[in-house]
Each structure stands twice: as C-alpha cells, then as structure tokens.
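The following exercises are to be worked through with the structure in view. Each task is followed by a solution in steps.

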Amino acid sequence: MKNHAHKSKRRRACSAFSLFEVLMFIAIIGVLVGMAVPMIGQDDAVYAARDRRNAQELCSTCMMAQAADLNFVQDESVIDTVRAIVRGGMSVRGSMRGRVFVVPGLSDEDIQGAAKYLRVQDGQLLYTTTATASPPGDQRL
C-alpha cells in the first residue's frame, strides 16, 4: 500500500513544470515580444525611406545622363521619365561614350513610390523632400 502511494506522488512531481522552466518560458516570450513590438507600425516609415532613396538614385542618374548628353526627361511627365531611366540608355558621344545609365530592378510599385518625391521642371528631374499627393504628369498603371 505504501509503495503505491509513493509512486503516485512521484508521478505528480514529475508532471509539473518547475519554477525555472516557467521563468525561462516567460523570458523567451519577453524577448520575442521585445523584438516584435518595435517592428509594428514602422511599415510606413520603411516604405517612405525606400521611396526617397529610389527617388534620389533616379534623380542622380538622370543628372549624370544629362551631363553625358543623354536626356531621359519626357514632356513634363514624372512617370514616363522614371520609366525611361529604368529602361536605361547609352551615351554615344563625348567623354562618356559607351557608358550605360540605368536604374534596374524597380517594380511598378517602386516607380509609383519614387514618383511621389520627384517633379519635372524646366527639362530636369528634381528631387523633393516631401511627398506630393499626385505627381505631376502622373499616369495610372
């Protein structure tokens, strides 16, 4: 009889979690939550930073191409100008002859995002630090 009661107490003791295991579980959950919480709500800032970086790169490439006598600017249309830069072009004269000017790998979403920070004025593509609601010359995809 004593033997049977002793075995059931041992089973109950082995089937429970120890205080150390519970604390480790809470610590691991705390670390995971601590890493996840800062990521929530940053999507807009991350996308805006990516769009600004793309717009700066497009504007720089357009300026370099214009210095090499290659003009990507399309009739006051930001979207058409950006698409021309994404397609790229090669300079055929001057000291930059044979140099390719292109910004590859931009999706239509990237082009639309970057266009918010660009404008065409006096035959030049200009970068603006604030997003415009609808870029001048915007043509929906």
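**Exercise 1.** Determine which residues Phe-72 touches, leaving aside residues up to four places away in sequence.

*Solution.* Step 1: apply the criterion for contact, namely heavy atoms within 4.5 Å. Step 2: list the partners of Phe-72, which are Cys-62, Ala-65, Thr-81, Ala-84, Ile-85, Gly-88, Gly-89 and Phe-101.

Two remarks on the source apply throughout. The model is predicted, so that local features need pLDDT of at least 70 and side-chain atom pairs count only at pLDDT 80 or more, while totals for chains, interfaces and linings use all residues. Residues are numbered from 1 along each chain as its sequence is written, and side-chain values use heavy atoms, with hydrogens and water left out.

**Exercise 2.** Describe the largest nonpolar core and name the residues with the most contacts inside it.

*Solution.* Step 1: a nonpolar core is a set of buried (under 20% relative accessible area, 1.4 Å probe, protein chains only) Ala, Val, Leu, Ile, Met, Phe, Trp, Tyr and Cys residues joined through side-chain atoms within 4.5 Å. Step 2: the largest such core has 25 residues, and Leu-58, Phe-72, Ile-85 and Leu-118 have the most contacts inside it. Step 3: at least two residues each come from H3, helix H4 (78-87), helix H5 (108-115) and strand E3 (118-121); helices (H or I, at least four residues) and strands (E, at least two) are DSSP runs, numbered from the N terminus. Step 4: H3 contributes the most, with six residues.

**Exercise 3.** State which residues of H4 are buried and what covers them.

*Solution.* Step 1: Val-78, Ile-79, Thr-81, Val-82, Ala-84 and Ile-85 of H4 are buried. Step 2: their cover includes H3, strand E2 (100-101), H5, E3 and strand E4 (124-127). Step 3: after H4 comes Gly-88, with a positive phi near 90°.

**Exercise 4.** How are H3 and H4 oriented to each other, and which residues make the contact?

*Solution.* Step 1: the axes, lines fitted to C-alpha atoms over the stretch in contact, with angles from 0 to 180 degrees between N-to-C directions, come within 10 Å and cross at roughly 75°. Step 2: H3 is therefore roughly perpendicular to H4, a term for angles of 65 to 115 degrees. Step 3: Leu-58, Thr-61 and Cys-62 of H3 meet Val-82, Ile-85 and Val-86 of H4.

**Exercise 5.** Is Asp-51 buried or exposed?

*Solution.* Step 1: locate Asp-51 in helix H3 (residues 43-67). Step 2: its relative accessible area is 7%, so Asp-51 is buried. Step 3: Asp-51 touches Gly-113, Ala-114 and Tyr-117, not counting residues up to four places away in sequence.

Conventions: Buried means under 20% relative accessible area, exposed over 50%, partly exposed in between (1.4 Å probe, protein chains only). Angles under 35 degrees count as roughly parallel, over 145 as roughly antiparallel, 65 to 115 as roughly perpendicular and the rest as oblique.
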